[in-house]
Amino acid sequence: MASKENRPIKDVGTLKALAHPLRANLYRALSVAQVATASQLADQVDEAVSLVSYHLRKLADHGLIEEAEPQRKDGRERWWRPSSDGMSIRDADFRDAPEKAAAHTAAARLFHDQRADLYHRYLDERAAWGPEWSTASQDTESWLRLTPAELTELNEELLALARKYDEKGRAAEAAGDTEGRAHVALHLYAFPFRV
């Protein structure tokens, strides 16, 4: 059964397994779908089913995803789901050796680039979403002066707020309230900089 907690990624092997571009996209697509087959995911990422199956097994080898109960009675398809509600990758777990720090930086860059691509796609398609979604969508920058402890507290509060709305949306969908709902990506970056 999938854990309801974020899974901390602390080893380089698992980080590298996830930091493969196709695997990161598959993990993201599976996290959105919650349960899917290799065929369904292959359609989403425009790759061959055999290639997607291979990469799903690699993610499973590292405990990032797991087999799910069959969703159809014939049982011929292999279904997958994320093994946890999410994951966390902390710099502190990778800074004790140069090769670990380099792997963490490369993974962070890949994840950021993929998130930016997702946002760019939204910008290109914004008119098709209609005025309600365009008005509700947001792209802001805030310039704060914080201590590391305050930044940690801010990040924890923002994550708790995102989880609250995710749980609220899932509960509404489970009750049949699907009208007007769409998947929403929330990307927050909080980091120090020098002027």
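## A quick tour of the predicted chain

The chain has 7 helices and 5 strands, taken as DSSP runs numbered from the N terminus (helices: H or I, at least four residues; strands: E, at least two). This is a predicted model, where local features need pLDDT of at least 70, side-chain atom pairs count only at pLDDT 80 or more, and totals for chains, interfaces and linings use all residues. Residues are numbered from 1 along each chain as its sequence is written, and side-chain values use heavy atoms, with hydrogens and water left out.

Going along the sequence, the elements come in the pattern β-α-α-β-α-α-β-β-β-α-α-α. The C-alpha trace spans about 60 × 45 × 30 Å along its principal axes. Take the contacts (heavy atoms within 4.5 Å) between residues at least 6 apart in sequence: 64% of them join residues at least 24 apart.

Of the 195 residues in the chain, 23% are buried. Here buried means under 20% relative accessible area, exposed over 50%, and partly exposed in between (1.4 Å probe, protein chains only).

Now for the aromatics. Rings of Phe, Tyr and Trp (its six-membered ring) pair if their centres lie within 6.5 Å; planes under 30 degrees apart are stacked, over 60 edge-to-face, and the rest tilted. That rule gives 3 aromatic pairs. One of them joins W129 and W133: the ring centres are 5.9 Å apart and the planes sit at 70°, so this pair is edge-to-face.

| Residue | Relative accessible area | Class |
|---|---|---|
| W129 | 37% | partly exposed |
| W133 | 28% | partly exposed |
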